[in-house]
Amino acid sequence: MRKVGFNNKLLPYILIAPQLAVTIVFFYWPASQAVWQSFLIQDAFGTATEFVWLENYETLFKDPSYFNALVVTVVFSTAVAALSLGVALLLAVQADKHIHGAGPYKTLLMWPYAVAPAVAGVLWLFMFQPSLGVLAKQLRGMGVDWNPLLNGTHAMILCIIAATWKQISYNFLFFLAGLQSIPKSLIEAAAIDGAGPTRRFWTVIFPLLSPTAFFLLVVNVVYVFFETFGIIDAVTHGGPAKATETLVFKVFQDGRLGGDLGGSAAQSVILMFMVIALTAIQFKYIERKVHY
Amino acid sequence: MAEVSLKQVKKSFGAAAVIHGIDLAIADGEFLVLVGPSGCGKSTLLRMVAGLEEATEGEISISGKVVTRLEPKDRDIAMVFQNYALYPHMSVYDNMAYGLRIRGLNKEEIDQRVKKAAESLQLAHLLDRKPRQLSGGQRQRVAMGRAIVRQPAVFLFDEPLSNLDAKLRVQMRIEIKRLQRSLGVTSIYVTHDQVEAMTLADRLVVMNAGKAEQIGTPMELYNHPATLFVAGFIGSPSMNFFPANAAGGTLELPGGQRWTLSRQVAAQGDVTMGIRPEHLTLAGANSPAGHAILPLYVELIEPLGAETLVHGRLEGGKAELTARVDGEAAPVKAGSTMRFAVDPRHLHLFDRTSGARLQ
């Protein structure tokens, strides 16, 4: 790598300043605020603030509802990440084939990404609404006692479907671009070498797609941890009986609605470290299997 | 024994016909080259033999077995692609072993075959490398190796040298020919480069617009091109053409020169006359009798060392002409008029409208 020097000592700092400012204002500052707040207990009216060290954290770890939120999050995120990646890959492989009407097909598949999370949530809520929903009616017709308003598992399935549906477009776009960058002659060479379609996919296409898949895995994990808030808020409000209360939803629930700013801050700090750790683990272990 | 035969093979994409019925019989161990300008259908034809493109009509058989509707893997062929199509995520070894593993060969057999092929292609020290760590020539060799280890009935080459620089191309060309000779495997080779085609081929198929213009050995095509297209395509620099008028035994050139032909020409009226640049020799005082003389106004000379290319116009006419003369010969100067002699045996005559050769 060639090193290029700046004659002006100040210029490099000025050039990175905007980026740095954005990072500081929108990440480091709020993050450090959260860390600081997580050491405080404030009464509901904000009149008295007390520095309590790790008491907020202790309370959290003793709280069974926090553990519940953790389990919910793990179930929810695993399901959403796995489903949205899997389905998107399947759709992209289909779209990559020479099919009639591939253009409209691709366009339609990208649309859900333009839909706001809350709208997506409401959309699915309507369709699965026990007494009015089109799909709920079908399910009931098939003898399923469908009721996401009362049944926690049903509510979870509904949230997973809505969150997955929303994310598929994004994943699809990247997978399709990844597939299209694989030279056709490679697939042909594999076909001549005797590999059938399934084998070609797993031994040639998928390994070449692995950088894309890895990038999407990281992005999707961050997505399910944070950005699904809107969907859960619109579809279930974390209910019934906290069955769909994920960590990020609980942060909002306890802090904004419950007024427990210290506890909520402690939760966001834990959440932040969790995502950092997850990303680090992904980079450390999964990236090794990626062929660039 | 692996003969390949094509019977009235046609291909169309939708309404557009790109191959208009090709008949070919390739003998066991023969090196056949498909040559033609881009878009002539040569690659499509090769891909139909490979099974990557389905023939719209006709029949393709390999070793006596009809394979027209079979998958590529069931045709017992190996193919070398223009961009080599090496699997970028696999080592050189794995690239070569991939097809063998799919065929379910045992480990020792695979190892032995790969090592042997690597040895013969000077790749033995590169087996652990990834394709991106190799030079163009090495990648080309890996692609060859991948074809060889399979021990197929037929090798298919789709412009395998066109991504290499000129020097490497000549070197690899020789290597491919040597390899094909020693393995004795029937090969079909596609190229747009007529020099490559001439040097490699046992037989050549010159293709133009989806038709086989002529099939024959390189020398047959060079000496007796069946059409104007083949005449212009084979040979470098390409053949000089100019209009002429034939009447009985005489030819009238556009500059008003008249030639009396020693041999009988059936043609009458307007014809196209062709002379190869290398058949134009500087006319001296002792030019053999019976040689036709062409006065050429020299516009440009290109000295290449061993030989010199002389570009000019036929005196009294507009017809452009290129001559290829010995570099040591009497100095040629631009802006002068020189006399060139042609042995009438080297004269080619073509029908002006159909382009077919006239005897």
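Q: Okay, new to this one. How many residue pairs are in polar contact across the interface of chain B and chain A?
A: Nine residue pairs, going by the rule, with both residues at pLDDT 80 or more. Keep in mind that this is a predicted model.

Q: Which elements of chain B give two or more residues to the side that touches chain A?
A: Helix 1 (42-50), strand 6 (77-80) and helix 2 (92-102) of chain B.

Q: And which one gives the largest share?
A: That's helix 2 of chain B, with four residues.

Q: What sort of residues are on that side, nonpolar, polar or charged?
A: On the side of chain B that touches chain A, 14 are nonpolar, seven are charged and three are polar.

Q: How many salt bridges between chain B and chain A?
A: The count is two. One of them brings the side chains of B:Arg47 and A:Glu188 together at 2.6 Å, N to O.

Q: How many residues of each chain are in contact?
A: On chain B it's 24 residues, and they are in contact with 20 residues of chain A.

Q: What area do the two chains bury between them?
A: About 1700 Å², and 60% of that is on carbon and sulfur atoms. In chain B, the residues that lose the most area to chain A are B:His89, B:Tyr98 and B:Ile102, which together make up 32% of what that side buries.

Q: Why quote an area at all?
A: Because the size of an interface is often given as the accessible area lost when the parts come together.

Q: Switching topic: what's the strand order in the five-stranded open sheet of chain B?
A: The order is 15-19-16-17-18, and the pairing is antiparallel.

Q: Which strands are at the edges?
A: Strand 15 (280-282) and strand 18 (320-326) of chain B, each of which pairs on one side only.

Q: How much are neighbouring strands turned against each other?
A: By 50 degrees on average in this sheet, ignoring direction.

Q: How many bridges are there between strand 16 and strand 17 of chain B?
A: Seven, with strand 16 (residues 292-303) and strand 17 (residues 307-314) pairing in the antiparallel sense. Opposite B:Pro303 you'll find B:Thr308, in strand 17 of chain B.

Q: What about strand 9 and strand 10 of chain B, how many bridges join them?
A: Five, and strand 9 (residues 203-208) and strand 10 (residues 211-216) run antiparallel. B:Leu204 has B:Gly216 in strand 10 of chain B as its bridge partner.

Q: Which residue in that hairpin takes a positive phi?
A: B:Ala209, with a phi near 50 degrees; the hairpin has two residues between the strands.

Notes:
Residues are numbered from 1 along each chain as its sequence is written. Chains are lettered from A and ligands numbered from 1 in the order in which they are written. This is a predicted model: local features need pLDDT of at least 70, side-chain atom pairs count only at pLDDT 80 or more; totals for chains, interfaces and linings use all residues. Side-chain values use heavy atoms; hydrogens and water are left out. Contact means heavy atoms within 4.5 Å. Buried area is the accessible area (1.4 Å probe) that two parts lose on being put together, summed over both. A salt bridge is a side-chain nitrogen of Lys or Arg within 4 Å of a carboxyl oxygen of Asp or Glu. A polar contact is a pair of N or O atoms within 3.5 Å; within protein, one must be able to donate a hydrogen and the other to accept it, and residues adjacent in sequence count only if both atoms are side-chain atoms. Ala, Val, Leu, Ile, Met, Phe, Trp, Tyr, Cys and Pro count as nonpolar, Asp, Glu, Lys and Arg as charged, and the others, Gly among them, as polar. Two strands pair if DSSP finds at least two bridges between them. Axes are lines fitted to C-alpha atoms, for helices over the stretch in contact, and angles run from 0 to 180 degrees between N-to-C directions.
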